[in-house]
Amino acid sequence: MTDAPARPRADLRRTAERYLSTPAEGVETRHAFSFSGHYDPRNTHFGALLACNEEQLAPGAGFDEHRHRDTEILTWVLEGALAHRDSRGHSGVVRPGMLQHLSAGTGVTHTERNVGGAEGPVRFVQMWLQPDAFDAPPAYGLRRVERAPGGLTLLASGLERDAGTDALRLRRSDAALWLATAGPWQPLPELPAAPWRYAHLTAGSLGYRTVPGPQGGGRSMVPGDSVRITGGAFADPTAGGTGAELLLWEMHSPVSYG
């Protein structure tokens, strides 16, 4: 279980291990957790994170109108452009270097499609987080990210400490999403500590030790790989020869039901 981390652990999950689905023509999804018709009772969430999907939509393809409720949905585009439109009148085009946040609240329907006229696919990572404020009005945000000096950029947060920053505001008071980057062969900046952290490599390559000290084994990551981190695990993360770009969830409590 992931609800009570007993010891430091860095659980590496390879992109090839993800459940692959093709829910519509031209749509390919790789799921990190149980999703829709794929159910694994041992893999339903990590911390407060409910989904982390790698999506690829061919030209002209996309998700038809569908509904969400009480879910924080964050979208980070890697290649191409994604068009969003929802039942509350929000619309936007998400491109690389931009973050989209849809807070479903009491309920919202939306469509997501490869932008009209595209000649290539759109690839993106979509993450679902459980809120801790329910039955709120739906909300939408889209920001272009200016990367912070030093390689650690706050993308979205519900923590009080981050109020007043440029980060999109989450309806989860103890979670934040970061972008960590490093140049070739350089260490990542110091990452925020939390009982649950989820790291997803989006570009480059990365090496790390499972735990600090000589007992820590060496591991490597390529794009699409993820690590589920508890406690002080995931030591000395260092970029490979092409640098590294990492999405990191900082979470201070797990999902809560009932």
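## A polar contact at T153

A polar contact here is a pair of N or O atoms within 3.5 Å, where one must be able to donate a hydrogen and the other to accept it. In this predicted model, T153 gives us one to look at: a polar atom of its side chain lies 2.9 Å from the backbone nitrogen of A148.

T153 is found in strand β13, which covers residues 152-157. With a relative accessible area of 5%, T153 is buried, because the cut-off for that is under 20%. Leave aside the neighbours within four places in sequence, and T153 is in contact with V145, E146, R147 and A148, as well as L177, W178 and L179.

## The seven-stranded sheet

Now for the sheet. Seven strands line up as β2-β3-β4-β11-β6-β9-β12, making an open sheet with antiparallel pairing. The edges belong to β2 (19-21) and β12 (139-144); each has a single partner strand, so one side of each goes without a neighbour in the sheet. From one strand to the next, the twist averages 20 degrees.

Zoom in on β6 (residues 72-79) and β11 (residues 122-129): they pair in the antiparallel sense over seven bridges.

## The β7-β8 hairpin

Strand β7 (residues 82-86) pairs with β8 in the antiparallel sense too, over four bridges. Here A83 has V93 of β8 as its bridge partner. Four residues sit between the strands of this hairpin, and G89 takes a positive phi near 90 degrees.

As for β8 itself (residues 91-94), G92 and V94 make up its covered face, while S91 and V93 are on the uncovered one. In a regular strand, side chains alternate between the two faces of the sheet.

Notes
Residues are numbered from 1 along each chain as its sequence is written. This is a predicted model: local features need pLDDT of at least 70, side-chain atom pairs count only at pLDDT 80 or more; totals for chains, interfaces and linings use all residues. Side-chain values use heavy atoms; hydrogens and water are left out. Buried means under 20% relative accessible area, exposed over 50%, partly exposed in between (1.4 Å probe, protein chains only). Helices (H or I, at least four residues) and strands (E, at least two) are DSSP runs, numbered from the N terminus. Two strands pair if DSSP finds at least two bridges between them. Axes are lines fitted to C-alpha atoms, for helices over the stretch in contact, and angles run from 0 to 180 degrees between N-to-C directions. Contact means heavy atoms within 4.5 Å.
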